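Colleague: I have not looked at this one before. Please walk me through it.

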Amino acid sequence: MRRRARIAVKAVVWGAALAPLGALGWWTVTDDLTANPIAFATAWLGDWTFALLLATLAMTPLRLLFGWGWPATLRRLLGLFAFAYAGLHFAVWILVDHFLNWAQMVRDLVERPYITVGLLALLTLVPLAATSTAAMVRRLGARAWKRLHRLVYVTGVLAALHFLWLAKVGRTDQYLYVATLALLLGVRAGHAARRALARRAGAARVAAPVPGLGGLPDLRGR
Amino acid sequence: MLIRRAARFKASEITDEALYLRRREFIAGGAAALVGGCGRAEAVSAPKPESLAPLPAPRNERLSVREPWTRWEHATTYNNFYEFGVDKDDPARLAGSLRPRPWTLVVDGLVHRPRRYDIDELLRKFPLEERVYPLRCVEAWSMVIPWVGFPLAALLKEVEPTGAARFVEFTTLHDPEQFPAQRRGVLSFASLDWPYTEGLRLDEALHPLTLLAVGMYGRVLPNQNGAPIRLVVPWKYGFKSAKSLVRIRLVREQPATAWNKAAPHEYGFYANVNPEVSHPRWSQATERRIGEFRRRPTLLFNGYAAEVGHLYAGMDLRQDY
């Protein structure tokens, strides 16, 4: 992609990712955060955390399905925004909702599985955010870095559990998020399975070379 | 060089000038769609109090709490009324489809004198009073509402329950034309089993605090708050106080109740406000009073322990939640 187009796409991502925060700020100023502003802000930030996490996880499937490489360049930005929103979501819970009532928060964390997994989801994002710079990729080495960053799949599953567990009977929006997550992880799983099959087929052909041809090239590592 | 530069654009790539001049509108529109599409189109507005018929009634000071009332705008825009939808502003946005007049309330079952009442007949027949009650939602928020109504006991006395009656069942209107969430579509999930039913033990129903409300804030009930007549049981979680009632039936067995059917482990038949008994997924120890910043501790029986505690003497409130 051309440099200018890349910059334009990044600008759109920045704008889109900051818009929900801007809306929250605007509604705060106009006293328009519903009758229960704290509950609304918590849910709003939580929804957008999940949406940004899904956007982050959608970049690789776009390459796998359509062969587009450029979305991968947005992955880090989207992931860091997801982390920022998760942090804000958690901060509202600690600072505004419970007003630093540690005793009650600790009890909630222990007794309420949805809160436990929510915090775990946030914690899994910490090492990913901390190693998001190019320097850290070099320091860890691409292989180790990649392995570490697969932790984001765990984040996704924990976030899904968090949402499913907290949603009241009768609500349906949580299923939309969870179905999207399942789709995005499913595309990866399908791709990985196909690769594994191809590798095995390749190995089998190497093990039993066709006489006279001297065997087929080893497909491992492709 | 000049030629190559000129070739960088195809005619089809050039934006029409009229569109180009409106580019900011598209960006603004896109941003609005992005924000609005995710749960919140615009702030829902509260009904004007003057748009509802006045229903003044003397306040029963003895049975009223002395706490500031929740703002009208909050009490009429932040509602759980699943017949309109699961979001808090669905009732305020969609309540126009409910027609609270004419309206008939049937009172029957194990009674000596079953009756059908027209809503206006009820209003004339029973002396109305104002009662300021705290309303504690099972979702850990609360309001203070000045209801206008009459004790359920007065109505039950008229129909004369038989000796066999032990429970009272309340039924909300079931009419998909008036309640959009009761409609069945291809992709719509029924959030609850319609009609919404609730129930009380007869002694709970006869308790002087148990109110049939027909108004609030000195006006008839707004549709989103359960017009034209609803139950108000101030020591129980809000979902017990069924709205838009069409039937009150005296029965022998404990009636099935809507939320209990939907999630039996989460919503019990009794649903007494109790800070010691958590909802399986969240604590009930504290609540947020709408309009206040800090959470406040939740009181046993929503502050009415002295008045209603005896009804549950000897019962394990953890078992009968």
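Modeller: One definition to begin with: two strands pair if DSSP finds at least two bridges between them. On that basis S5(B) and S6(B) pair in the antiparallel sense, over five bridges. In that pair, B:Val168 stands opposite B:Leu200 in S6(B). Keep in mind that this is a predicted model.

Colleague: OK. How many bridges join S5(B) to strand S10 of chain B?

Modeller: Six, and those two strands run antiparallel. Strand S10 of chain B covers residues 245-251. B:Glu169 stands opposite B:Arg249 there.

Colleague: And what is the order of the strands in the open sheet?

Modeller: In chain B the order is S2-S1-S10-S5-S6, five strands with mixed pairing. S2 and S6 (197-201) of chain B are at the edges with a single partner strand each, so one side of each has no neighbour in the sheet. From one strand to the next, the twist averages 15 degrees.

Colleague: Back to S5(B). How many of its residues are buried?

Modeller: Six of the six, so strand S5 (residues 167-172) of chain B is largely enclosed by the rest of the structure. B:Phe167, B:Glu169 and B:Thr171 point one way from the strand, while B:Val168, B:Phe170 and B:Thr172 point the other way.

Colleague: What do S1(B) and S2(B) form?

Modeller: A hairpin, with five residues between the two strands. S1 (residues 104-109) and S2 (residues 115-118) of chain B run antiparallel and are joined by four bridges. In one of these, B:Val107 has B:Arg115 as its partner.

Colleague: Change of topic, chain A. What is its mean pLDDT?

Modeller: The mean is 89, and 91% of the residues in chain A reach 70 or more. Confidence is highest in helix H8 (residues 151-166) of chain A, at 96, and lowest in helix H4 (residues 102-111) of chain A, at a mean of 86.

Colleague: Where in chain A does pLDDT stay under 50?

Modeller: Over residues 210-222. The model has 13 contacts beyond four places in sequence for that stretch.

Colleague: At what angle do helix H1 and helix H2 of chain A pack?

Modeller: About 175 degrees, with the axes 11 Å apart. H1(A) and H2(A) are therefore roughly antiparallel. H1 takes in residues 3-29 of chain A, and H2 residues 37-66. Where they meet, H1(A) brings A:Ala17, A:Pro20 and A:Leu24, and H2(A) brings A:Trp44 and A:Trp48 among others.

Colleague: I clicked on A:Leu45. Where does A:Leu45 lie?

Modeller: In helix H2 of chain A. A:Leu45 has 23 C-beta neighbours inside 10 Å, so it counts as buried.

Colleague: Leaving out residues up to four places away in sequence, what does A:Leu45 touch?

Modeller: A:Tyr85, A:Leu88, A:His89 and A:Val92. As for A:Leu161, 116 residues apart from A:Leu45 along the chain, the two C-alpha atoms are separated by 17 Å.

Colleague: Last one, H5(A). Which residues there are buried?

Modeller: A:Ile115, A:Val117, A:Gly118, A:Ala121, A:Leu125 and A:Leu128. The buried residues of H5(A) pack against helix H3 (75-97), H4, helix H7 (142-149) and H8 of chain A.

Colleague: And how many residues has helix H5 of chain A?

Modeller: It has 18, residues 113-130. From the first C-alpha to the last, H5 of chain A reaches 26 Å, close to the 26 Å expected at 1.5 Å a residue.

Technical notes. Residues numbered from 1 in each chain as written. Chains lettered and ligands numbered in written order. Predicted model: local features only at pLDDT ≥ 70, side-chain atom pairs only at ≥ 80, totals over all residues. pLDDT = per-residue confidence, 0-100. Contact = placed C-beta atoms within 7 Å. Expected span 1.5 Å × (residues − 1). Buried ≥ 20, exposed ≤ 12 C-beta atoms within 10 Å, placed from the backbone. Axes fitted to C-alpha atoms, helices over the stretch in contact; angles between N-to-C directions. Parallel < 35°, antiparallel > 145°, perpendicular 65-115°, else oblique.
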